[in-house]
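This briefing sets out the architecture of the structure shown below.

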Amino acid sequence: MAEHHGTEAPVNFAAASKAALLDPQLRGNFRRAMDGLMTKRAVQFADAKEWHDMRALAASVRLRALSKLPELLEKLEANCTRNGIQVHWASTTDEANAIVLDIMKRVDAKLAVKGKSMVTEEMHLNAFLEEHGIEALEADLGEYIVQLDGTMPSHIIMPAIHLNTKQIAHLFKRKIKEAESIEDAAYLTGLARRILRQKFMNADVGMSGVNAAVAETGTLCLIENEGNGRMCTTVPPVHIAFMGLEKVVETLEDVPPVISLLPRSATGQPITTYVNMITSPRKEGELDGPREIHLVILDNGRSSVYADAELRDTLRCIRCGACMNHCPVYTKVGGHAYEAPYPGPIGKILVPQMEGLAKRGEMPHACTMCNACVEICPVKIPIVEIMGRLRVEAVRPGDAVKDSGAQASKTEAMVWKGWAAMNASPMAYKIATMAMSKLGNAAPTGLPLLKEWTSVRTKPRFASRTLHDLAREKGIPDV
Amino acid sequence: MTQPTPPRPSPTRPSKVYFFGTCLVDLFFPDAGMAGMDLLKAQGLTVVFPQGQSCCGQPAYNSGYRADALKVARAQLDLFPGDLPIVVPSGSCAGMMKKHWPHLFHGEPDEAKAVQVSSRVWELTQFLVQVLDVKLEDKGEPVRVTWHASCHAQREMGVVEEPKALLRQLANVELVELKREKECCGFGGTFAVRHPEISAAMVGDKVDDIEQTGAKRVVSGDCGCLLNINGALEGGHKPVQGQHIAQFLKERLHG
């Protein structure tokens, strides 16, 4: 990743979300899709006791892994290396891209096929390879669709969830020569499959993400529904896998709790169609499998997140995306409004830590703190507490988070000082509330804050007498 | 999906309680505060309303100004010296006091006192049901209502069934639940003015949901939500009105 500085221009979430809100098709697509996903998930966890136990187990797996992260990463590297998997460390996305380019050049690769990988989204890998004359084709159907559309994934699990069948049919007609105007999911899937099948056979390199990397065995676990992940990791002669450094688990036994909760939470499936466990490249005498496997382990700010005991919980995430499905903000504006690799609640806590509060300071504020995400997170990440902490960091200069204090404002600090002075002194409070009761309703709606409030609402009406007044009048005892 | 309900506490019924009215009730819904105290008094309790009270500190806490939040929260600590329950007619403010005060005061010299005060906090409907086990006699006309659950009442205080159980005790009240009862109304404190368009879309969905129940009233236990929902209902010229549950219950008991 390019070096970021405190002066980096903030990403304007408000403007992007405004555009999304004005698109009734988009809003309808998200509302329907998210309602469906929430219902499917709820069916999977109808038994509250089972949910409680599974979640406690998965959270403990992740917590234990994080508690000994440096040790487990060393073990993972040693065991992968022993298995013939080549391990590469990248502290920035730029470094990761350079590692990939080196491998591609060495094997003279022209075409890479990719399974889903959010880490490569962090790296903007497709664009980077394109700049170097290499085609990187997304092979996950949703990713294939958004790549064809020239946009970004709008959800980490369902990248094209913002589009309906009709829109996808139109897109295929526009972009694919042999496509017919058939608005049918089975037809469209079949067409994509035929095209991708050919690409799998011709690709020089296959790429994938990693859902969990097992330290004790040096195994890369990859779950998926379409078989494209298996194709990417077995057909091309070279496989490059990408993981964030937090994705390690200690033992093989730690895998089932994670991969059983992940699809249940994400799509309401008890298990994905494919569960891939990759432990080594093709061995002597074997007939298939890649000849080389590379594992790129990316930091990109994660070790700073790890260094803070409170923020560290961000790294428990298993990327199920359930927090998006349940977020009342995400379901209104969709994923593109965030203009980030990770949208929704997890994005609001992860991206500002990776990219800094100068650029991403608004993200932790795009949240009502309703806790819907916290309630369903399968690994119990205290998302809203971390959100609150990042709001503190945004206005408090320091070095806990990249660009801490970037949003510090003397005016805002003074307003809160004044608010605190008023609310911490009974006499000041009495005078202030009396003034608001008498004069508050005369405030013009054009005032800042009131203007925003009254865009769709009437003005809040101050009561003529406060509860303090009424309680006193009715003789309610004070002590 | 919630975690399994923790075992119900079986507190002894006190003869006296403190009432923490909250700043929003104080300024915008004082009748709801009075109704809350009346409901407690009707159960034979002495209600104490410390006149020195102001705010739980949540606005600054959630805005990143923890020192200012601490100053305001600290100013409340000495108002409740007796070892008595503190009843709050708001799930959100109760949640701030119960869940966040221990965190806010962590490492402060008065941490122990804050934790002790915090442990005595009850949301009003939770107290009416769990501690007082109230039995309500409905004297009102038949009416259809719906219930708006506040996020913090549900997810910080664990108050989900209590208010609905109270409404269901009322013989002439038909409770029609919202399709998306658990979804936030879009208030979120400063969120409503920081992201007014998203907040508007959220309260818009909530208003649609309310209208579809055919209810005449939407009853809630949190005044932040009520300011938002009532403002949007009125702004959209909808006939439905929002009301705090304390006030609604009091009206029903008096016919």
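The model described here is predicted.

- In α8(A), 7 of the 9 residues are buried, so the helix is largely enclosed by the rest of the structure.
- These buried residues are A:L141, A:G142, A:E143, A:Y144, A:I145, A:V146 and A:Q147.
- Just after α8(A), A:G150 adopts a positive phi of about 70°.

**Helix α9 of chain A**

- Helix α9 (residues 165–175) of chain A has A:I168, A:A169 and A:F172 as its buried residues.
- Viewed down the axis of α9(A), these buried residues fall within an arc of 105°, so they line one face of the helix.
- An α-helix has 3.6 residues a turn, so residues three or four places apart point the same way.
- A:K166 and A:R174 are exposed on the other side of α9(A).
- The partners against which the buried residues of α9(A) pack are α8 (141–149) and α10 (185–202) of chain A.

**Chain A as a whole**

- Chain A contains 23 helices and 10 strands.
- The C-alpha trace of chain A spans about 90 × 55 × 50 Å along its principal axes.
- Of the 479 residues in chain A, 51% are buried.
- When contacts in chain A between residues at least 6 apart in sequence are considered, 74% join residues at least 24 apart.
- The domain assignment divides chain A into domain 1 (45–300) and domain 2 (410–473).
- The centres of domain 1 of chain A and domain 2 of chain A, taken over C-alpha atoms, are separated by 53 Å.

**Contact between the chains**

- Chain B contributes 58 residues to the contact and chain A contributes 62 residues.
- On the side of chain B that touches chain A, helix α11 (residues 196–213) of chain B gives the most, with 7 residues.
- The residues on this side of chain B comprise 31 nonpolar, 16 polar and 11 charged.

**Domains of chain B**

- Chain B is divided into domain 1 (16–130) and domain 2 (135–254).
- The centres of domain 1 of chain B and domain 2 of chain B, taken over C-alpha atoms, lie 22 Å apart.
- Domain 1 of chain B gives 29 residues to the contact, and domain 2 of chain B gives 24 residues.
- On the side of domain 1 of chain B that touches domain 2 of chain B, the elements giving two or more residues are α1 (23–28), α2 (30–41), α3 (58–63), α5 (91–104) and α7 (124–131) of chain B.
- The residues on that side of domain 1 of chain B are 13 nonpolar, 11 polar and 5 charged.

**Strand pairing in chain B**

- Strand β5 (residues 143–148) of chain B runs parallel to strand β6 (residues 173–175) of chain B, and 3 bridges join them.
- Within this pairing, B:R144 stands opposite B:E174 in β6(B).
- β5(B) also runs parallel to strand β7 (residues 217–220) of chain B, with 4 bridges joining the two.
- Here B:V145 stands opposite B:R217 in β7(B).

**Selected loop residues**

- A:D254 lies in the loop between β8 (248–249) and α12 (255–267) of chain A.
- With 23 other C-beta atoms within 10 Å, A:D254 is buried.
- Not counting residues up to four places away in sequence, A:D254 touches A:V61 and A:V249.
- A:D254 and A:L57 are 197 residues apart along the chain, and their C-alpha atoms are separated by 9.1 Å.
- A:K380 lies in the loop between α18 (372–376) and α19 (383–395) of chain A, and its phi is near 55°, a positive value in a residue other than glycine.
- A:K380 is partly exposed, with 18 other C-beta atoms within 10 Å.
- B:H237, in the loop between α12 (223–235) and β8 (241–244) of chain B, has a positive phi of about 55° although it is not a glycine.
- B:H237 is exposed, with 7 other C-beta atoms within 10 Å.

Technical notes: Residues are numbered from 1 along each chain as its sequence is written. Chains are lettered from A and ligands numbered from 1 in the order in which they are written. This is a predicted model: local features need pLDDT of at least 70, side-chain atom pairs count only at pLDDT 80 or more; totals for chains, interfaces and linings use all residues. Domain bounds come from an automatic or database domain assignment. Two residues are in contact if their C-beta atoms, placed from the backbone, lie within 7 Å. Ala, Val, Leu, Ile, Met, Phe, Trp, Tyr, Cys and Pro count as nonpolar, Asp, Glu, Lys and Arg as charged, and the others, Gly among them, as polar. A residue is buried if 20 or more other C-beta atoms lie within 10 Å of its own, exposed if 12 or fewer, and partly exposed in between; C-beta atoms are placed from the backbone. The arc is that of the directions from the helix axis to the C-beta atoms. Two strands pair if DSSP finds at least two bridges between them.
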